[in-house]
Amino acid sequence: MTYPLPMGRQFPKISIDLEKCTVPFLCKKCLQVCPEAVLHVTRVMSKEKRLEEMDPRVDGNYVLYAARRDKCTGCNLCIDVCPVDAIKIEVPEQVRVKPRVAGEQWGQQ
Amino acid sequence: MCWMCDQFGDPEYGNGVWYLNPRNYARNMYKLRAPGEGFKGAEAGLETGARSGPGIGDLLNAVEKNDYAEYHRITGFMQGRGQGSQIVPLEHADRVLELSSPIGLIACICRKGARAIDERNELEYTCMGMGVGMLKWERWPERYKGGVSFVNIDEAIEWNHEMDRRGFVHILMLFGAPFIGGFCQCDYPDCGALRNAVDFGIGSLKSHYVAVVDYDKCNGCGICAQRCQWGALKFEVTNEKANIDLFKCYGCGLCQTGCPRGAIEMKWRADVPAVAEVWT
């Protein structure tokens, strides 16, 4: 039984400087160090290039993005390990979650 | 019985479990996909379907905006587009592999995305595709991330048992219900299907079994606790035995296949009244 996320919760904002981070698939340091696998790497969608031409070693073929930022804890392991300082994480101030009251969680304000 | 069984099951085969119904493996099933938004079929483009419609990012935005209506709409869309999945225990996995053809080993796209693991040959492949859709992979190997290695039923079952030994959960993937197009070997947090199920309760149906511990046989070795991907099984310190939360248990059967003493029994979900209809 999975309980839904608390509505209204603010998740960390993760920004990646794509000018600095050019070959994430080769470097993959941040991808492998993240305990929650927040960061994902994906192929840039392109009509012209076929997959066989999308060499991960070439700049700009793959991009890093924060796919699961709801799970980011702000532990900064990825920032410590990044060789080019491309990742910035802004964790919003957390509101103290009140004890649950029946009905309250579901948007009755 | 889950709602997939209500729609696609046949009482004559496998107690009415939908994925044991041979009709769901028919060749023409590939064309009989669910119509409508987000699933136009292979003719509309090779990557249609999987990438269309709202995603997890939109779901998170809705949570941040405290917009429950939008949250509900997105989860409803994700459940309804016929691209769900179901967890199956190992013995049912063997029977599925006997029914389906052709079967091909492929690279896992989730591990590639989450951990940048590049599986380039058949010795590294950790995912399985099945059904006539695999012929498309053979035809356009350059388009489909690393090609495909076709195997026969015995090889597929042996491979699947090896994956089970390593500790992967077996998840049937639907590509337009009830067409079964893939057979994922998942773990947390790398795999999308398993992760959506654990984090948001969407996408996957639980299996038709739940795992129950026989306390007389359990000696508290803790091997099963390492194999549970769902956070359902833990080592209970008080009485030094394994403890399974049946509400969280997805019935993948990894704890059962890993137990050296046979202390875990897979119980038919419908026989446990409180969790009989807990499918997410």
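Predicted model: local features only at pLDDT ≥ 70, side-chain atom pairs only at ≥ 80, totals over all residues.

Trainee: Which strands of chain B does H8(B) lie across, and at what angle does it run to S5(B)?

Mentor: H8(B) lies across S1, S5, S6 and S7 of chain B, and it runs at about 95° to S5(B).

Trainee: What makes H8(B) largely enclosed by the rest of the structure?

Mentor: Helix H8 spans residues 192-200 of chain B, and 8 of its 9 residues are buried, so the rest of the structure largely encloses it. Buried here means 20 or more other C-beta atoms within 10 Å. The residues that qualify are B:Gly192, B:Ala193, B:Leu194, B:Arg195, B:Asn196, B:Ala197, B:Asp199 and B:Phe200.

Trainee: What covers the buried residues of H8(B)?

Mentor: The cover includes helices H2 (56-64) and H5 (109-115) of chain B, along with strands S1 (85-87), S5 (169-174), S6 (180-186) and S7 (204-205) of that chain.

Trainee: What is the strand order of the open sheet in chain B, and which strands are its edges?

Mentor: The sheet has 7 strands in the order S4-S2-S3-S6-S5-S1-S7, with mixed pairing. Its edge strands are S4 (149-151) and S7 of chain B, because each pairs on one side only.

Trainee: How do you know that S2(B) and S3(B) are paired?

Mentor: Pairing asks for at least two bridges. Strand S2 (residues 103-106) and strand S3 (residues 127-130) of chain B are joined by 4 bridges, so they count as paired, and they run antiparallel. One pair you can look up is B:Ile106, whose bridge partner in S3(B) is B:Cys127.

Trainee: And what joins S9(B) to S10(B)?

Mentor: There are 4 bridges between strand S9 (residues 233-236) and strand S10 (residues 241-244) of chain B, which run antiparallel. B:Phe235 has B:Ala242 as its bridge partner in S10(B). The two strands form a hairpin with 4 residues between them, and B:Glu240 in the turn has a positive phi of about 55°.

Trainee: Why are H2(B) and H3(B) called roughly antiparallel?

Mentor: H2(B) and helix H3 (residues 68-80) of chain B pack at an angle of about 160°, with their axes 8 Å apart. Angles over 145 degrees count as roughly antiparallel, and therefore the two helices get that label. The contact is made by B:Asp58, B:Leu59, B:Ala62 and B:Val63 of H2(B) and by B:Glu70, B:Tyr71 and B:Ile74 of H3(B). H2(B) passes H3(B) in a left-handed crossing.

Trainee: Why does B:Met1 count as partly exposed?

Mentor: B:Met1 has 17 C-beta neighbours inside 10 Å. Buried needs 20 or more and exposed needs 12 or fewer, so B:Met1 is partly exposed. This residue is in the segment before helix H1 (3-8) of chain B. Leaving aside residues up to four places away in sequence, B:Met1 touches B:Asp6, B:Gly9, B:Gly16 and B:Ala270.

Trainee: Turning to chain A, how do you know that S2(A) and S3(A) pair?

Mentor: The test of at least two bridges applies here too. Strand S2 (residues 39-43) of chain A and S3(A) pair in the antiparallel sense over 5 bridges, with A:Thr42 opposite A:Val63 in S3(A). Strand S3 (residues 62-66) of chain A has a covered face, A:Tyr62, A:Leu64 and A:Ala66, and an uncovered one, A:Val63 and A:Tyr65.

Trainee: What are the elements of chain A, and in what order do they run?

Mentor: Chain A has 3 helices and 4 strands, running β-α-α-β-β-α-β from the N terminus. Of its 109 residues, 21% count as buried. In chain B, buried residues make up 44% of the 280 residues, and the secondary structure comes to 10 helices and 11 strands.

Trainee: What does the predictor say about confidence in chain B and in the complex?

Mentor: Chain B averages a pLDDT of 85, and 88% of its residues score at least 70. Over residues 34-51 of chain B, pLDDT stays under 50. For the complex, the predictor gives an ipTM of 0.80 and a pTM of 0.86.

How values were computed
Residues numbered from 1 in each chain as written. Chains lettered and ligands numbered in written order. pLDDT = per-residue confidence, 0-100. Contact = placed C-beta atoms within 7 Å. Axes fitted to C-alpha atoms, helices over the stretch in contact; angles between N-to-C directions. Parallel < 35°, antiparallel > 145°, perpendicular 65-115°, else oblique. Left-handed = near helix turned anticlockwise from the far one by under 90°.
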